Each structure stands twice: as C-alpha cells, then as structure tokens.
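Dear colleague,

Please find the structure below, together with a summary of the findings. I would be grateful if you could read the two side by side.

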Amino acid sequence: MANVSITRAGIPTAEEILEPAPGAVLRRRIFGNTGLIIGATVLLIIVLVALFADFISPGDPYDQVLSRKLIPPIWHDGAKVTWDHPLGTDALGRDYLTRLFYGARISLFIGFAAMIISGIIGTTLGVMAGYFGGRVDMVVNFILTTRLSLPVVLVALAVVSLIGSSLTVVIWVLGLLIWDRFAVVMRSATQQIRNLEFVSAAQALGCSTPRIILSEIMPNIANHLIVVATLEMAHAILLEAALSFLGLGVQPPEPSWGLMVAEAKGLIFFDAWLIGIPGAAIFILVLAINLLGDGIRDVTAPENRN
Amino acid sequence: MLAYALKRLGIALLVALTVSIITFSMVYLPGDPAMALAPESASQEDIEHIRRVYGFDRPILVQYFDWLVNAVQGDFGHSHYLNEPAANVIFDRLPTTMLLGACAITFALLLSIPLGVLAAIRPNSIIDRIALTIAVVGQAMPTFWFALTMMLWFGITWRLLPITGTASWKNFIMPAVALGYYVTPGVMRLTRAGMLDVLASDYIRTARAKGLRPMRVLFKHALRNAILPVVSLAAVQFGFMLGGSIVIETIFAINGLGFLAWESIQRADLPMMQAIVLVLSVFYIALTLLADLLNAFLDPRIRVS
C-alpha cells in the first residue's frame, strides 16, 4: 500500500499491522462485488442446467405431442395449465422447459467455442502488434480496420447461407468475425508491458521471442484477456441468437433460444409468453456473463473501471 | 493537416479495396457457385447455363476486375431475381434505412449524453447507478427480443403505435428505439469517462475559480472537450447500425436496405448480396474517415503522431 509511512526502520507501523494479507484483500474485493457474485452464481446455475439437461428435464426436447400443443405456463389461468409442463408447450406440443434447458447447451457451446477461436486470432494479432510495433503494428491495424468495416450480421448471414447452416459453420463464422476487441485490448495491454524492466531483462538474458511472449508478456495481460473473453462470449451468444432468429443460425428442430423466439414470432398476438421466455433466457445468460466480466475487471484492475 | 488527410485517405482506399476482394470471393465460399445456386434436381446443362448467365465461366481475376471496375462506376451488377440493376434497387431502399439510422442515433445520443454528463457530475450517485444499470441491461438485451417486446406492449396490448410498415413517423418510433438502444451503453460510458477526465483538469478548476456559473463551466468548457471522442464513436456506431438494421427491418417490415439484404440472402441473389455488403462497408469506411479527419481538424495533437 502506498500510504504506509515508515517512521522507524524495522518496526512496522500500526497501518502495516492492520493491513490485511493480499489474499484477504482479494477475497474481500471478490465478495464485496455484488455484480460479480450474482453473475458468477447465475452463470454457474445455467452451466449446470446445460450439463445435466438429460437428467433434470421433464421431457424430451424433440418429442412432439400435437394433442398437447400451446399449453400456457403455470402462472397463466386456463383449463390446460398443468404442472407436467411448468413453462407450457410450443406450437408442436414440445415441452418448453425442456427445450429451454437444452437451449442453454447450444448457447453456451457456441458462445464458448466462438470465443476461443476469436480469442486465439485476436490475441495473436494484438500481442504481435503490441510487442513488435512498427510494420507489424501497421499490418495488424490494417487487418483490424478491414474487419471492422465489414458489417458482422450481414456477412455472417451471407456466409452461412452460402455454405449451408450447421453448428460448426455458425461457430467458425462468428469466431472468424468477432476477434476485433481481443486484438485492440491485447495490443494496448502488450504495449504497456513490453518496455518494462523484466521484459528487457529477459531479452538481455537471450530468451527467445516466443518464450518472452509466452512467459513474460502473457501472464501479465491475462486478466485483460479474461475480461475480453467473457464480454466476447456474451457477444457471440447474442449474435448466434440473432442469426438463429433470422433463420440462418442453428436449424430446427434444435432448441436454440433465438430460434425458439423466431418460431413463436407469428404467435405474438395470442401466446406472447412463447417469445418472452426464451428471450428472457438469452437476456439473463448474457447479463450474467457481462456482470462476471465487469466484476473480474473491477477486482483485478479497479483503476480501469471508468 | 493535408499530409495527414492524404495518408488517411490512402489507407481508406486500401481498406476499401481489400473489402471488395473479400466481398467478391464470398461467392466462391461454397466451391462452385453455379453448383450451389442450382437446385438439387438441376441437370449438368442447367448448371452450365447458370455458369454462363452469371459469368462464372470466365477466369476469376477477369471476373473480379470486371466487377470492381463496374462497381466503381456505380454498376453493382444485375439482380437476376428482380431483373433490375442492383444499384437501382439499393438506392431505392437506402433512404429508408438512412432515415431509420438517423432516428436511432438521435435517440441514442439524446438518451446517453445527458445521462453520461449527469453520471459524471456526481459519480457513484443514484443517477450514476441508474445510468450504469441502463448500460449493463442494454448490452445484454437481444435486439430482436427487445423489439418484439416493445411491439407486444406498445403495439398490441396498449395499441399506441403501429407495429409494421413505414406509413407515418409513428412507425419509426419503435424501430429507432430498438436500433438505438444497443449503442447507448457505449456512448454513455464514453461521455461519462470523458467528462470525469475533463472535470478533474486544471482549466476547469481555473474556470470555476474565476467564478463562472457552474452551468457555463459544464457546457461551454467541459462538454465541448469531452464530446470529441463521442462524435467519432457516434459516426462509427451509425455505420454499425446500418449493418445491424437487418434484424430490426425484418421484424418491423420496414422496406429498407436491411430487409432487402435479408430477402436477397433468402433468394440466393448473389449480385445483390455482394452489392449490399460492398455499399455498407464503403459507407462505413467513409464515415470513419470523416470522423478521423474531423477529429484531426479539431484536435491538432492527432495530426502529429
């Protein structure tokens, strides 16, 4: 702590004794950050639901029972309302709660995989630009500007429609398109690190460039990386939902949340809850991930909050 | 200034050229575009016919340069589905999307700049918290769901606003809010951060010490300096919006460029798709170029580095 004043050499002052250990400070910061705790808890619950969807679902996500179609959720009044289908059924008589559970899998998987791909591309470009500077920086900047000038949703839709839609295609298209924030943040983080003493020391010792980047630079920009990774995962989930909503993402009968909203679009006059439930699910998941990301940033680097 | 402007223009042209290559090669993603266009029952002759009609039988470089030279002259190819030059259709639809984008960015700025300023005057106050909550919620809300929810409440339950079409100015309220809402968090955060920065600076202290009225300090001295990065962000976001309006236009049945893009993708209308992506990208490049030049003009420090 900077405000510790040294009065007599060797004898710690009262402030020093009362200063909690670094671990305790970190713990206090984590548990004092309401957003972080809420985000992490909600995300954990959604991940558990996605992992154990097979065991906790009341039904089968693909099972159509046309005699039991469009049952409203339990908070509605009506003769058809039943605890067999707590969130009701869709237009094809599929249990909505089950589809919601399995939909969490799709959102999380696509979001995570696309984030990994874009993270690898963006971090490589950003760290290279930040570390080498000069020509490399110029080239990376050029690639970045080019990528930013392509309209993401439009290009993603066009490419998916040309190649044909599948889970893998959606993941790759999103991953190849949304690496820009990784590159921007990693570049400036690396620029701040590369002229510090320990990097110069490693260079003077004759460490190879890959070694310096991997073991000197990367650990020091890892917290920025985690923050961007959470935000980009949320971004990828939103984009997947939008693509599926427009009919060019995940294809029926898969229970993607965006696709569920699209399937219910025509029923907005009569059964609006069919739109409300999956939309709220996307909103809650993305909100949880964003809260977690903002929380990690506040805890690891509070000076960047504003 | 001139040297900076020329350098910036050169980069913009190079970016546009690269974008044109990407846009052009998009069509070759499926391997053989003629094969991809043809229905599954098509015979070998049908595929050959498609190849000739679209000009896929020529060498690829010839095709690209032909397309590029025509595009520079304002000819973006021919939509075989609509049987019309793509450029005509685009410039037919562009004003609607521009209008929607202008409404959306106006809404976004009217909401986010005052909120950002208020939040910066009293950091950690109730207003700051509310502004932060709006930002966090706004970033998590799927645009299409927000649009549909608004449609449900304002259009169907309370019957306040028309839900589709472009008949009157009322039709633009919900689409503009839905499109603009997504960019408010970014603009608000930037305004807040900029104002916090400026309000802590020496010249603001001097202005206050001189005894200037607080409002005058805030708007004449602080905001004018804090708003600069917001202007360029707004320009960039306007470009993003035109690309993102595809979702909003399909929901509210607004006959603009976004809706045209969605229709063309559904119909596999390749020249149209290429033309729309190219036009939107070039428009975005021009916007960022303008924003950069404006910034360099207003802030001489940028020109030097």
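In this predicted model, the side chains of Arg181(A) and Glu232(A) form a salt bridge at 2.7 Å, N to O; the term denotes a side-chain nitrogen of Lys or Arg within 4 Å of a carboxyl oxygen of Asp or Glu. Arg181(A) belongs to helix H9 (residues 180-193) of chain A and Glu232(A) to helix H11 (residues 209-245) of chain A, so the pair links distant parts of the chain, 51 residues apart. Helices (H or I, at least four residues) and strands (E, at least two) are DSSP runs, numbered from the N terminus. Glu232(A) is buried, with a relative accessible area of 2%, whereas Arg181(A) is partly exposed at 35%. Buried stands for under 20% relative accessible area, exposed for over 50%, and partly exposed for what lies in between (1.4 Å probe, protein chains only).

A second salt bridge joins the side chains of Asp54(A) and Arg105(A) at 3.5 Å, N to O. Because Asp54(A) lies in helix H4 (residues 53-56) of chain A and Arg105(A) in helix H5 (residues 96-132) of chain A, the pair ties together parts that are 51 residues apart in sequence. Asp54(A) is partly exposed at 47% relative accessibility, and Arg105(A) is partly exposed with a relative accessible area of 30%.

Asp84(A) and Arg68(A) also meet through their side chains in a salt bridge (3.8 Å, N to O). Both residues are in the loop between H4 and H5 of chain A, 16 residues apart. Asp84(A) is partly exposed at 48%, and Arg68(A) is partly exposed at 32%.

Over all chains, the structure holds 19 salt bridges.

Turning to chain B, its secondary structure comprises 14 helices and two strands. Of its 305 residues, 49% count as buried. The C-alpha atoms of chain B fill a box of roughly 85 × 60 × 30 Å along the principal axes.

Two notes on conventions follow. Residues are numbered from 1 along each chain as its sequence is written, while chains are lettered from A and ligands numbered from 1 in the order in which they are written. Local features need pLDDT of at least 70 and side-chain atom pairs count only at pLDDT 80 or more, whereas totals for chains, interfaces and linings use all residues; side-chain values use heavy atoms, with hydrogens and water left out.

Yours sincerely
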